[in-house]
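Colleague: I'm new to this one. Please show me the model and take my questions from there.

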Amino acid sequence: MGKMRRDDLIIIPGLDYNKDSYSKMIDKLSDDYKIHFFSCDYDKTTYDIVEDLVEVVNSKKLSKSNFVTHSYGSIIFRLFYDKCNCLVDKVVQFAPLNKPSKILDKFHNSPFFFRKMGRAYKDFITNHEKILSIKLPDKVGIIAGGKRFNP
């Protein structure tokens with residue numbers, strides 16, 4: 001008897017996170033899902049990052065995938081979903097952004113902020129109302145809290 005097909009799971013990280021930041025989560029989920037970690041280039045605009053995600057999904061010929069997003073990854077997901085909702089099954093969002101941070105909004109023009117957070121967050125500050133008005137899929141779970149997300 002052949003091995004049962006595992007569903008695809010795409011992880012979209014938050015700003016300044018990499019695959020190592022999600023290692024425990026990936027290890028726990030990899031028995032049940034085929035994991036695809038989307039490495040974002042946050043020096044690009046948010047909209048260019050979304051196009052990169054579309055290219056990755058298309059190049060891997062993924063369909064009806066599940067998603068796990070963290071922080072700014074939730075914004076990337078919303079814009080992806082707005083464009084390609086037929087490719088989404090379920091999503092779980094950890095600490096999704098639902099408004100710009102007052103502190104980051106105040107300092108987003110500083111050279112330090114731009115080097116650390118890139119262009120992506122500036123797009124969110126400028127367009128957050130439009131981005132947040134995008135309806136999420138019916139199969140969504142949202143987890144918010146003060147604990148680390150990599151158990």
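**Getting oriented**

Colleague: Of the 151 residues of the protein chain, what percentage counts as buried?
Modeller: This is a predicted model, where local features need pLDDT of at least 70 and side-chain atom pairs count only at pLDDT 80 or more, while totals for chains, interfaces and linings use all residues. Residues are numbered from 1 along each chain as its sequence is written, and side-chain values use heavy atoms, with hydrogens and water left out. Buried means under 20% relative accessible area, exposed means over 50%, and partly exposed is in between, using a 1.4 Å probe and protein chains only. By that rule, the buried share of the 151 residues is 42%.

Colleague: Which residues do salt bridges with shared partners join into one network with D89?
Modeller: D89 meets K90 in a salt bridge, at 3.8 Å from N to O. D89 also meets K139, at 3.2 Å from N to O. K90 has a relative accessible area of 37% and is therefore partly exposed. The partners that join D89 in one network are K90 and K139.

Colleague: How many residues apart are D89 and K139?
Modeller: Their salt bridge spans 3.2 Å, N to O. It links distant parts of the chain, with D89 in strand β4 (residues 88-94) and K139 in the loop between α5 (111-132) and β5 (140-143), and the separation in residues is 50.

Colleague: Why does K139 count as partly exposed?
Modeller: K139 sits in the loop between α5 and β5. K139 counts as partly exposed because its relative accessible area is 46%.

Colleague: Which residues form a positive surface patch?
Modeller: Patches take residues with over 30% relative accessible area and no salt bridge, joining like charges within 9 Å and nonpolar side chains (Val, Leu, Ile, Met, Phe, Trp, Tyr) within 5 Å. Lys and Arg count as positive, Asp and Glu as negative, and His and the chain ends are not counted. K60, from the loop between α2 (46-59) and β3 (65-70), is partly exposed because its relative accessible area is 45%. The patch is made of R6, K19, K34 and K60.

**Rings**

Colleague: How many degrees lie between the planes of Y17 and Y22?
Modeller: Rings of Phe, Tyr and Trp (its six-membered ring) pair if their centres lie within 6.5 Å, and planes under 30 degrees apart count as stacked, over 60 as edge-to-face and the rest as tilted. The count of aromatic pairs is five. Among them is the edge-to-face pair of Y17 and Y22, 6.0 Å centre to centre, with an angle between the planes of 65°.

Colleague: Is Y22 buried or exposed?
Modeller: Y22 lies in the loop between β1 (7-12) and α1 (23-29). With a relative accessibility of 1%, Y22 therefore counts as buried.

Colleague: Which residues form one aromatic cluster?
Modeller: Start with F77 and Y81, a stacked pair at 5.8 Å centre to centre with 20° between the planes. Both lie in helix α3 (residues 73-84), four residues apart, about one turn of the helix. F77 and Y81 are both buried. The cluster is made up of F67, F77, F80 and Y81.

**Backbone**

Colleague: What is the phi of K61?
Modeller: Most residues other than glycine have a negative phi. K61 is in the loop between α2 and β3, and K61 counts as exposed because its relative accessibility is 72%. Although K61 is not a glycine, its phi is positive, at about 55°.

Colleague: And what is the phi of A95?
Modeller: A95 is in the loop between β4 and α4 (102-107). A95 is partly exposed because its relative accessible area is 34%. Although A95 is not a glycine, its phi is positive, at about 45°.

Definitions and conventions. Areas by Shrake-Rupley, 256 points an atom, 1.4 Å probe, with all protein chains shown as cover. Salt bridge = Lys/Arg side-chain N within 4 Å of Asp/Glu carboxyl O. Charge placed at Lys NZ, Arg CZ, Asp CG, Glu CD. Helix = DSSP H or I, 4+ residues; strand = E, 2+ residues; numbered from the N terminus.
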